[in-house]
Amino acid sequence: MYRPPFIWGRSGNLQTMYSLIVRRSEPASFTRTNVLAEDGGTIALDWSPAPAESSIPIVLIIPGIAGSSTQHYVRNAVNEINNTLKWRAVVVNHRGCNCALTSRKLFSIGDSQDIKHAMDHIQSLAGDAPIYGIGYSMGANILGHYMGVSELQAGWVKFAAGISFSQSYDIHATSQYLPREKPIYSRLLNLKYKSVLKRHLLHFEQNLEKAIHLPTVFKTACLREFDKHFTAPLLGYKDVEDYYKAMSCAPHLKHISIPFLMVNASDDPLIPTLHHEPAIQAARAKSGIYFCRTKYGGHVMHATENFLPDRKAWMDVVMSQFFLFAHKQS
């Protein structure tokens with residue numbers, strides 16, 4: 001059972017703002033390996049501890065929008081994995097985030113291919129160790145997408161189990177909801193995307209096709225507009241609807257056959273409860289698929305019940321408990 005911090009923890013907005021502004025983490029050290037994709041892009045993986053062939057389980061962490069191993073919630077998860085589970089952690093740094101951009105492609109909201117490259121690389125270095133997956137926000141959608149797609153693709157490395165937090169299951173629905181109901185959060189997400197684009201502006205000015213007009217992209221006010229004018233044409237989709245349909249994990253949840261826990265908060269200001277329906281239906285349809293909805297928790301937070309929360313969040317504890325449960329069942 002989740003118990004939020006006294007008074008302020010019962011506000012999804014305050015928990016979300018705490019996560020964005022106040023949250024801190026213990027120091028974490030990493031060893032980096034880079035994976036080169038077919039398009040020349042680089043997927044940077046940060047390991048803790050350094051990669052080695054061993055039977056000790058590995059947890060692959062997939063952060064949210066513009067996320068990397070620098071995020072506090074990611075570092076807290078790494079510490080939980082290393083110190084409580086005594087397992088190994090590997091963090092995906094999304095393309096262009098805390099790593100070099102070596103192709104004309106930025107990260108996308110549900111791309112399974114980069115995770116496939118990461119999983120192949122991890123298996124090549126770590127041998128037969130089981131790989132567990134955890135995703136946050138956008139990374140949660142990517143995890144669910146990969147877990148479903150990998151069941152249908154021969155030769156794809158499978159996760160042993162997965163857990164997601166603050167996930168959107170239908171990107172189209174969320175992209176319409178945010179500008180209309182939560183314009184401040186919509187602008188913040190848009191700014192995150194544009195900040196990554198600005199960081200690599202010279203690269204894109206030299207490599208973009210005529211279909212993309214950068215001044216228009218930088219005038220966009222929400223994520224949907226950004227994807228309409230930049231991401232969808234960049235990746236070759238006919239329009240933003242086509243892109244969101246391809247990226248959403250909802251149609252793929254029915255294919256998942258390994259233990260998978262999806263966690264959302266009712267007061268998450270970015271993902272309304274109405275959008276939880278695909279997860280509820282998936283959990284009802286299959287054993288081993290679980291959906292947990294807490295009354296409080298905000299977006300990628302779930303602070304501990306102390307008035308001044310510990311650095312370890314409730315979701316770190318749930319991660320450890322679920323992975324231990326899944327590991328014993330395997």
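The crossing of helices α2 and α12 is right-handed. The model is predicted.

Trainee: How are α2 and α12 placed to each other, roughly parallel or oblique?

Mentor: Helix α2 spans residues 72-85 and helix α12 spans residues 314-329. Their axes come within 10 Å and cross at roughly 45°. Angles under 35 degrees count as roughly parallel, so α2 is, relative to α12, oblique.

Trainee: Which residues of α12 make the contact with α2?

Mentor: On the α2 side, the contact is made by Tyr73, Asn76, Ala77, Glu80, Ile81, Thr84 and Leu85. By class, the contact has nine nonpolar, three polar and two charged residues. The α12 side consists of Met315, Asp316, Val317, Met319, Ser320, Phe323 and Leu324.

Trainee: Are α6 and α9 roughly parallel or oblique to each other?

Mentor: Helix α6 (residues 183-199) packs with helix α9 (residues 223-234) at an angle of about 30°, and their axes are 8 Å apart. Because angles under 35 degrees count as roughly parallel, α6 and α9 are described as roughly parallel.

Trainee: How many charged residues are in the contact of α6 with α9?

Mentor: Helix α6 contributes Ser186, Leu189, Asn190, Tyr193, Lys194 and Leu197, and helix α9 contributes Leu223, Phe226, Phe230 and Thr231. Six residues of this contact are nonpolar and three are polar. The number of charged residues is one.

Trainee: Is threonine 294 buried or exposed?

Mentor: Threonine 294 lies in strand β8, residues 289-294. Its relative accessibility is 8%. Buried means under 20%, so threonine 294 counts as buried.

Trainee: With which side chain does the side chain of threonine 294 make a polar contact?

Mentor: Not counting residues up to four places away in sequence, threonine 294 touches Tyr2, Asn264, Ala265, Ser266, His302 and Trp314. The polar contact, at 2.8 Å, is with the side chain of histidine 302.

Trainee: Where is glycine 127 found, and is this residue buried or exposed?

Mentor: Glycine 127 is in the loop between α3 (112-126) and β5 (131-136). Its relative accessibility is 16%. The limit for buried is under 20%, so glycine 127 counts as buried.

Trainee: How many Å apart in space are glycine 127 and serine 54, C-alpha to C-alpha?

Mentor: Leaving aside neighbours within four places in sequence, glycine 127 is in contact with Glu53 and Ile122. Glycine 127 and serine 54 are 73 residues apart in sequence. The C-alpha to C-alpha distance between glycine 127 and serine 54 is 6.6 Å.

Methods: Residues are numbered from 1 along each chain as its sequence is written. This is a predicted model: local features need pLDDT of at least 70, side-chain atom pairs count only at pLDDT 80 or more; totals for chains, interfaces and linings use all residues. Side-chain values use heavy atoms; hydrogens and water are left out. Helices (H or I, at least four residues) and strands (E, at least two) are DSSP runs, numbered from the N terminus. Buried means under 20% relative accessible area, exposed over 50%, partly exposed in between (1.4 Å probe, protein chains only). A polar contact is a pair of N or O atoms within 3.5 Å; within protein, one must be able to donate a hydrogen and the other to accept it, and residues adjacent in sequence count only if both atoms are side-chain atoms. Contact means heavy atoms within 4.5 Å. Axes are lines fitted to C-alpha atoms, for helices over the stretch in contact, and angles run from 0 to 180 degrees between N-to-C directions. Angles under 35 degrees count as roughly parallel, over 145 as roughly antiparallel, 65 to 115 as roughly perpendicular and the rest as oblique. Ala, Val, Leu, Ile, Met, Phe, Trp, Tyr, Cys and Pro count as nonpolar, Asp, Glu, Lys and Arg as charged, and the others, Gly among them, as polar. A crossing is left-handed if the near helix is turned anticlockwise from the far one by less than a right angle, and right-handed if clockwise.
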